[in-house]
Amino acid sequence: MSSKDTTKHPCFNKETAGSCGRVHLPVAPKCNIQCNYCNRKYDCVNESRPGVTSGVLKPFQAAEYMDKVLEKEPRITVAGIAGPGDPFANPTEVLETMRLLNQRHPELLFCLSSNGMGILPYLDDIAELGVSHVTITISAVDPVIGAQIYSWVKDGNVVYRGEKGAEILLDRQLKAIKGLKERGIVVKVNSIVIPGVNEEHLVEVAKVVSALGADIQNMIPIKPTQDTPFAEVPEPGKETVLPLRKEAGEYISQMTHCKRCRADAVGLLGNDQSVALCGTLKACAS
Ligand code: SF4
Ligand code: SF4
């Protein structure tokens, strides 16, 4: 278990969001599942949403970039990996990045955000490397609903579709929460609110993940994205999300200040500097 001050994570603790910042190091380009709302684009400074980054870094480049970011923004307290794909579709790069960060910046909190599909073999590594916060995105705990959200999941070289794929993914996700909590890691569950697909199911998600020990849930309204099966789904507003959070909050704490950040987000949540530091990232990537 990490002995660092875990309250200094601005996503898990709203009180520190004005004084503590985070950086996402984009070292994980591949993904092992396909969500129907996801369109990963690189080299893009005009969009702000998960999956978007100005570039992809190798582990040594990420460590150099981290040095430069801390020079420009010393309020950074968290180094996280949130794609642009999934950390555990790129485990070698992710674990190497975490090792380098541990050597160079042991004072930082380390954070990973994953779909949970490939995380189980790495739970001990995660704990040993001092990762204190992990997010698992779980938008359904029923494979019938999951089958509408994921077009496929990949287990090794085998691709599964439909309910079978959703069932395998869900099994890994639930085991991941349990295994992370057994190792003393703070667990957030991100749930994407998708009107017409899962909004009536998300309180059930809250109940299930809470029973496994998850610490907080983050209901994120879908941001419909071009060239995806969910491009035409309406973006849910407060009238949808607030009552859901209230009801789910009976079972698990709710995050209410998520900014749906890019995979190369940097700075305070309310003052993202990813576009301003895009040149720095690109220089490290080249
Ligand atoms: Fe995209 Fe993340 Fe889903 Fe992978 S897990 S398809 S990166 S949203
Ligand atoms: Fe925090 Fe939400 Fe941004 Fe993730 S996407 S870093 S949870 S504010």
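**Exercise 1.** The space taken by ligand 2 is the largest cavity; describe the residues around ligand 2 and their classes.

*Solution.* This is a predicted model, in which local features need pLDDT of at least 70, side-chain atom pairs count only at pLDDT 80 or more, and totals for chains, interfaces and linings use all residues. Residues are numbered from 1 along each chain as written, chains are lettered from A and ligands numbered from 1 in the order written, and side-chain values use heavy atoms, without hydrogens and water.

Step 1. A cavity is a set of points, on a 1 Å grid over the protein atoms alone, where a 1.4 Å probe fits but cannot get out, and a molecule sits in it if more than half of its atoms lie within 2 Å of its grid points.

Step 2. The residues around ligand 2 (a heavy atom within 4 Å) are Cys11, Arg22, His24, Lys188, Asn218, Met255, Cys258, Lys259, Arg260, Cys261 and Leu269.

Step 3. By class, this shell of ligand 2 holds five nonpolar, two polar and four charged residues.

**Exercise 2.** Which residues surround ligand 1, and how do they divide by class?

*Solution.* Step 1. The shell of ligand 1 consists of Cys31, Ile33, Gln34, Cys35, Tyr37, Cys38, Arg40, Pro84, Gly85 and Asn115.

Step 1. Six of these residues around ligand 1 are nonpolar, three are polar and one is charged.

Step 2. The space taken by ligand 1 is likewise described as the largest cavity.

**Exercise 3.** Where does Asn36 lie, and what does Asn36 contact?

*Solution.* Step 1. Asn36 belongs to the loop between strand 2 (33-35) and strand 3 (41-42); strands are DSSP runs of E with at least two residues, and helices runs of H or I with at least four.

Step 1. With a relative accessible area of 9%, Asn36 is buried (under 20%; exposed is over 50%, partly exposed in between; 1.4 Å probe, protein chains only).

Step 2. Beyond its neighbours within four places in sequence, Asn36 is in contact (heavy atoms within 4.5 Å) with Gln148, Ile149, Tyr150, Ser151, Thr228, Pro229 and Phe230.

**Exercise 4.** Is Val78 buried or exposed, and how many residues separate Val78 from His9 in sequence?

*Solution.* Step 1. Val78 is part of strand 5 (residues 76-81). Its relative accessible area is 1%, and therefore Val78 is buried.

Step 1. Val78 and His9 are 69 residues apart in sequence, yet 6.3 Å apart from C-alpha to C-alpha.

Step 2. His9 is also one of the contacts of Val78 outside four places in sequence, and Arg22 and Leu108 are others.

**Exercise 5.** Why is the chain described as compact as a globular protein of its length?

*Solution.* Step 1. The chain comprises eight helices and 14 strands.

Step 1. Its radius of gyration is 17 Å, close to the 19 Å that the globule rule gives for 286 residues, so the chain is as compact as a globular protein of that length. The radius is taken over C-alpha atoms, and the rule is 2.2 Å times the number of residues to the power 0.38.

Step 2. Of the 286 residues, 56% count as buried.

Key
On a 1 Å grid over the protein atoms alone, a cavity is a set of points where a 1.4 Å probe fits but cannot get out, and a pocket is an open set with protein on both sides within 12 Å along at least five of seven lines; lining residues have an atom within 4 Å of a point. Ala, Val, Leu, Ile, Met, Phe, Trp, Tyr, Cys and Pro count as nonpolar, Asp, Glu, Lys and Arg as charged, and the others, Gly among them, as polar.
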